[in-house]
Amino acid sequence: MTNTVKPRNEPYIVELRPSEYWWCSCGLSQRQPFCDGTHEAEHTGMKPLKVEVSKRQEVSFCGCRKSKGAPYCDGTHKTL
Ligand code: FES
């Protein structure tokens, strides 16, 4: 499987602390919008995208998996 799954048709707005995070690119994680390793269990051939945050901030992660600016929402979900 190489196609993504759309968990939902809107972004995930999350408050992040300085750290690194892994955004789920396959859409199968049960911990959306973060990777839980399901991409490996399901042999999707996909990898999560690493996000490094240096200061506390609010982030809008793509939930539809169609953003051209992934892992961030670029508004594409409004056209689906
Ligand atoms: S949720 Fe995917 S572009 Fe906004």
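Ala, Val, Leu, Ile, Met, Phe, Trp, Tyr, Cys and Pro count as nonpolar, Asp, Glu, Lys and Arg count as charged, and the others, Gly among them, count as polar. Keep that sorting in mind for the cavity below. The model here is a predicted one. A search through the whole structure turns up one cavity of 30 Å³ or more, and three aromatic pairs are counted.

**The cavity**

- About 40 Å³ of space lies inside the largest cavity.
- Its lining is made up of Trp 23, Cys 24, Ser 25, Cys 26, Ser 29, Cys 35, Asp 36, Gly 37, Thr 38, His 39, Lys 47 and Pro 48.
- Sort that lining by type and you get five nonpolar, five polar and two charged residues.
- How does one look for a gap like this? Rolling a probe the size of a water molecule over the atoms shows where empty space is left.

**Cys 26, one of the lining residues**

- Cys 26 is part of the cavity lining, and you'll find Cys 26 in the loop between β2 and α1.
- Cys 26 has a relative accessible area of 3%, and buried means under 20%, so Cys 26 counts as buried.
- Skip the residues up to four places away in sequence, and Cys 26 touches Thr 4, Val 5, His 39, Thr 44 and Met 46.
- Glu 40 is 14 residues along the chain from Cys 26, and their C-alpha atoms are 10.0 Å apart.

- Is Thr 4 buried, partly exposed or exposed? With 29% relative accessibility, Thr 4 falls in the partly exposed class.
- Leaving out neighbours within four places in sequence, the contacts of Thr 4 are Ser 25, Cys 26, Met 46 and Arg 65.
- From Thr 4 to Gly 75 you count 71 residues in sequence, and the gap in space is 18 Å, C-alpha to C-alpha.

**Aromatic rings**

- The count of aromatic pairs comes to three. One of them joins Phe 34 and Phe 61 edge-to-face, at 5.8 Å centre to centre and with 80° between the planes.
- Phe 34 belongs to the loop between β2 (19–23) and α1 (38–41), while Phe 61 belongs to strand β4 (residues 57–61), so this pair ties together parts that are 27 residues apart in sequence.
- Another ring to look at is that of Tyr 12: the charged end of Arg 8 sits over it, 3.8 Å from its centre.

- His 43 isn't a glycine, yet its phi is positive, near 50°. His 43 lies in the loop between α1 and β3 (49–53), and at 64% relative accessibility His 43 counts as exposed.
- Arg 65 also has a positive phi, near 65°, in a residue other than glycine. Arg 65 lies in the segment after β4, and at 8% relative accessibility Arg 65 counts as buried.
- You've met Arg 65 already, as one of the contacts of Thr 4.

Terms used: Residues numbered from 1 in each chain as written. Predicted model: local features only at pLDDT ≥ 70, side-chain atom pairs only at ≥ 80, totals over all residues. Heavy atoms only, no water. Buried < 20%, exposed > 50% of the residue type's maximum accessible area, 1.4 Å probe, protein only. Contact = heavy atoms within 4.5 Å. Phe/Tyr/Trp six-rings, centres within 6.5 Å; stacked < 30°, edge-to-face > 60°. Helix = DSSP H or I, 4+ residues; strand = E, 2+ residues; numbered from the N terminus. Lys NZ or Arg CZ within 6 Å of the ring centre and 35° of its normal. 1 Å grid on protein atoms, 1.4 Å probe; cavity = no way out; pocket = protein on both sides within 12 Å on 5 of 7 lines; lining within 4 Å. Points joined across faces, edges and corners; volume = space filled by probe spheres on them.
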